[in-house]
Amino acid sequence: MTDDTDASIPKEPAVSQDESGSAVATRDEQHAPAHFENPGLPPHVHRLGDTDPAAAKRSERQVAALFTISMVATVLFVIAYAMIGKDADVILPILGKVHALNVALGVTLALSLLGIGLGAIHWAKTLMPDEEVVEERHPMRSSDEARAGFVAVMSGGAEGSQINRRPLIKYTLGGALGIFAVPLGLQLIGGLGPIRGDVHDLKTTLWDTGVPVLNADGKPEMRDGKVVTRPRRLMRDPDGTAIRLSDVTLGSVFHVLPEGINDTPEPSNEKVKAAVILIAMQENLIKSARERDWGLNGVVAFSKICTHVGCSVGLYEQTTHHLLCPCHQSTFDVADDCKVIFGPAKRPLPQLQIEVDDDGYLYAPHGFEQPVGPSFWERG
Amino acid sequence: MSSLVARRRHPAAIAVVLLLGLILTGGLYAAFAPKNADAASGDTQAVAAGHNLFLANCATCHGLEAAGGDGGPSLVGVGAAAVDFQVGTGRMPLANPAVQARQGKVQFSSEEISQLAAYVASLGVGPGIPPSSLTSGGGDIAKGGELFRVNCAMCHNFAGSGGALTRGKFAPSLMDVSGRHMYEAMLTGPQSMPVFNNSNLSPQDKKDIISFLQNVKTEPSPGGWSLGNLGPVPEGLFAWTFGIGVLILIAIWLGKKAA
């Protein structure tokens with residue numbers, strides 16, 4: 001409140017009687033009090049323990065009991081650590097069957113810490129002084145002498161270092177400190193992925209390359225100085241065995257990896273791009289002619305890498321022919337080119353054309369027609 | 001008291017009588033108990049009984065000749081394994097077509113199930129009921145775990161706790177499913193589940209998977225309460241509601257003045 005409003009201090013309280021006789025405070029600005037007295041702190045209420053020695057003694061015992069619980073729990077921790085076997089298990093209500101050692105260590109350590117903490121708080125709350133104290137904050141500003149001293153030290157230091165007289169040092173130091181930020185930012189930007197143009201790895205999978213044809217000696221066959229290759233077969237994950245068309249009966253799902261994936265330098269890197277799901281459905285249910293052509297008698301192979309963010313799409317519903325991605329519920333219709341029918345994915349799963357070779361095994365004559373997995377800038 | 005009476009009331013007499021009674025009952029049960037539903041399809045009596053059961057309970061949906069009908073698929077060639085799974089887990093007969101037939105109260109005795117299975121098996125060649133040597137565990141747990149993670153875990157969860165599919169369908173928990181029913185489900189692909197025939201997962205592979213799941217069920221939880229092994233959602237929910245709730249209560253106690 002400013003001084004000029006002090007004149008409007010009401011002479012009577014801003015309370016009027018309405019017809020029913022009850023008191024109603026009006027919202028009349030004219031009659032509002034100009035300022036309120038600071039009521040100050042409420043009177044201090046003493047605790048029971050402040051006046052009653054028996055209560056104080058009780059609090060003392062409670063605090064001691066909490067500290068004792070902590071000690072006992074710590075001793076039990078040591079005993080449990082030494083006595084309970086690594087493989088012992090115990091059946092507890094609610095928790096079920098659990099590792100006895102882990103539970104014993106966890107519970108005793110928790111009790112030993114809680115005992116100390118709760119005891120200290122209980123002590124502070126019931127026995128330590130609790131009178132309200134107002135303590136004035138000391139001035140933040142340093143004294144004039146201290147400030148002058150500080151300026152003298154700083155300028156003396158700058159003078160002594162000769163930084164102003166020797167600009168070579170000044171600029172090289174600035175350059176060194178400035179350029180030091182580059183390694184930090186470089187990791188950040190470098191981790192974003194390959195430099196523009198160098199996205200061959202993202203556009204190709206192991207299916208685009210073949211495996212060497214072995215001659216009678218078990219050595220790769222050479223022709224014109226080049227290794228002769230043949231397309232990769234579809235192999236069962238994780239066994240790595242080849243699949244015959246007749247193995248894939250109606251309603252079956254095979255999880256497939258390309259042949260020879262474990263002979264590559266980094267099989268995991270290949271697996272995240274080349275994983276395929278092989279599904280057998282009734283051929284007349286497939287709506288897309290191209291999908292029928294690229295499959296065999298209703299057996300079709302699709303990339304298992306979600307076009308949203310690259311999770312492994314593996315939840316196949318036999319009755320609805322839907323493939324569901326477990327991460328964000330993108331749903332693909334296997335009967336219709338694996339088009340997206342629900343969820344955040346934007347593009348269908350790429351199909352892998354399959355054929356049967358002379359030995360009766362399924363193979364992929366060429367890789368995916370488009371890059372698998374999530375989008376990237378240079379995808380086009 | 002004469003010695004005869006004393007002998008008759010020998011304290012062990014009651015135990016001996018009980019034991020004899022138990023042996024007799026057990027022996028009779030073993031002799032007359034319904035065998036596993038692996039009756040040969042040539043057993044004409046079982047087939048006839050199964051046909052009658054089929055007409056009374058299944059034909060409304062599956063058709064009089066089990067060739068499919070209103071809302072029910074053809075059962076020709078599904079084999080005894082499919083019947084033993086669907087009827088043996090109480091999924092069939094279906095009282096009320098819904099998104100998905102759920103496991104429920106088994107409506108038939110095991111003898112009736114075996115008769116139904118014999119009838120359906122007589123309709124066409126299909127997968128039979130697996131021998132107990134393949135369904136009672138004892139396989140390679142590590143291999144089974146690897147196969148489970150590649151082929152099953154995406155729907156049934158990493159620990160076989162089940163999970164959601166699209167539009168109200170779900171993959172059920174495998175924790176309380178018998179080995180035989182798991183084997184039959186892999187073999188026949190009930191409802192949304194795809195088929196895992198013996199050339200995809202060999203009988204030994206299936207045995208390994210079942211052994212792995214049985215081991216998961218008996219394995220103690222290393223981190224304490226598993227919260228149903230459902231993954232991060234219930235764990236996060238527990239931490240946020242229970243954990244933070246306890247912290248708030250402690251904070252309230254901290255700020256409260258002592259009496």
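1. Helices H3 and H6 of chain B. In this predicted model, H3(B) covers residues 44–57 and H6(B) covers residues 110–123. Their axes are 7 Å apart and meet at an angle of about 95 degrees. Angles of 65 to 115 degrees count as roughly perpendicular, and H3(B) and H6(B) therefore fall into that class. On the H3(B) side the contact is made by Ala46(B), Val47(B), Ala49(B), Gly50(B), His51(B), Leu53(B) and Phe54(B). These meet residues of H6(B), among them Glu112(B), Leu116(B), Ala118(B) and Tyr119(B). By class, this contact has 8 nonpolar, 5 polar and 1 charged residues.

2. Domains of chain B. The domain assignment divides chain B into domain 1 (44–123) and domain 2 (132–220). The centres of the two domains, taken over C-alpha atoms, are separated by 23 Å. Domain 1 of chain B gives 13 residues to the contact, and domain 2 of chain B gives 12. On the domain 1 side, 6 of the residues are nonpolar, 6 are polar and 1 is charged.

3. A cis proline in chain B. Met92(B) and Pro93(B) are joined by a cis peptide bond with omega of about -5 degrees. Pro93(B) sits in the loop that runs between helix H5 (79–88) and H6 of chain B. Most peptide bonds are trans.

4. An unreviewed UniProt entry lists residues 237–255 of chain B as "transmembrane region". In the model this span is 100% helix, and its end C-alpha atoms lie 26 Å apart. For chain A, the annotation from an unreviewed entry names residues 63–84, 104–124 and 171–193. Residues 104–124 of chain A are 100% helix, with end C-alpha atoms 30 Å apart. Residues 171–193 of chain A are 83% helix and 0% strand, and the ends of that span are 35 Å apart by C-alpha atoms.

5. Contact between the chains. Chain A brings 34 residues into contact with 27 residues of chain B. On the chain A side, the elements that give two or more residues are strand E4 (96–99), helix H3 (100–126), strand E10 (253–258), strand E13 (315–317) and strand E14 (322–324). H3(A) supplies the largest share, 6 residues. The chain A side divides into 13 nonpolar, 14 polar and 7 charged residues.

6. The hairpin of E3 and E4 in chain A. Strand E3 (residues 89–92) of chain A pairs with E4(A) in the antiparallel sense over 4 bridges. Val90(A) has Val98(A) in E4(A) as its bridge partner. The hairpin has 3 residues between its strands, and Ile94(A) takes a positive phi near 70 degrees there.

7. The five-stranded sheet of chain A. This open sheet has 5 strands in the order E9-E10-E11-E12-E17, paired in the antiparallel sense. Strand E9 (234–236) and strand E17 (351–352) of chain A are its edges, each pairing on one side only. Within the sheet, E11(A) (residues 276–280) and E12(A) (residues 299–303) are antiparallel over 5 bridges. The loop between E9 and E10 of chain A holds Pro238(A). A cis peptide bond joins Asp237(A) to this proline, with omega of about 5 degrees.

8. The four-stranded sheet of chain A. A further open sheet has 4 strands in the order E13-E14-E15-E16, with antiparallel pairing. E13 and strand E16 (339–342) of chain A each have a single partner strand, so one side of each is left without a neighbour in the sheet. On average, neighbouring strands are turned by 30 degrees against each other, direction ignored. E14(A) and strand E15 (residues 331–333) of chain A are joined by 3 bridges in the antiparallel sense. One of the residue pairs is Leu324(A) with Thr331(A) in E15(A). Gln329(A) lies in the loop between E14 and E15 of chain A. The phi of Gln329(A) is positive, near 60 degrees. Most residues other than glycine have a negative phi.

9. The Rieske annotation. UniProt, in an unreviewed entry, lists residues 299–363 of chain A as "domain: Rieske". In the model, residues 299–363 of chain A are 0% helix and 37% strand. The end C-alpha atoms of this span are 12 Å apart.

How values were computed: Residues are numbered from 1 along each chain as its sequence is written. Chains are lettered from A and ligands numbered from 1 in the order in which they are written. This is a predicted model: local features need pLDDT of at least 70, side-chain atom pairs count only at pLDDT 80 or more; totals for chains, interfaces and linings use all residues. Two strands pair if DSSP finds at least two bridges between them. Domain bounds come from an automatic or database domain assignment. Two residues are in contact if their C-beta atoms, placed from the backbone, lie within 7 Å. Ala, Val, Leu, Ile, Met, Phe, Trp, Tyr, Cys and Pro count as nonpolar, Asp, Glu, Lys and Arg as charged, and the others, Gly among them, as polar. UniProt positions are given in the numbering used here, feature names are shortened, and annotations may be inferred rather than shown by experiment. Axes are lines fitted to C-alpha atoms, for helices over the stretch in contact, and angles run from 0 to 180 degrees between N-to-C directions. Angles under 35 degrees count as roughly parallel, over 145 as roughly antiparallel, 65 to 115 as roughly perpendicular and the rest as oblique.
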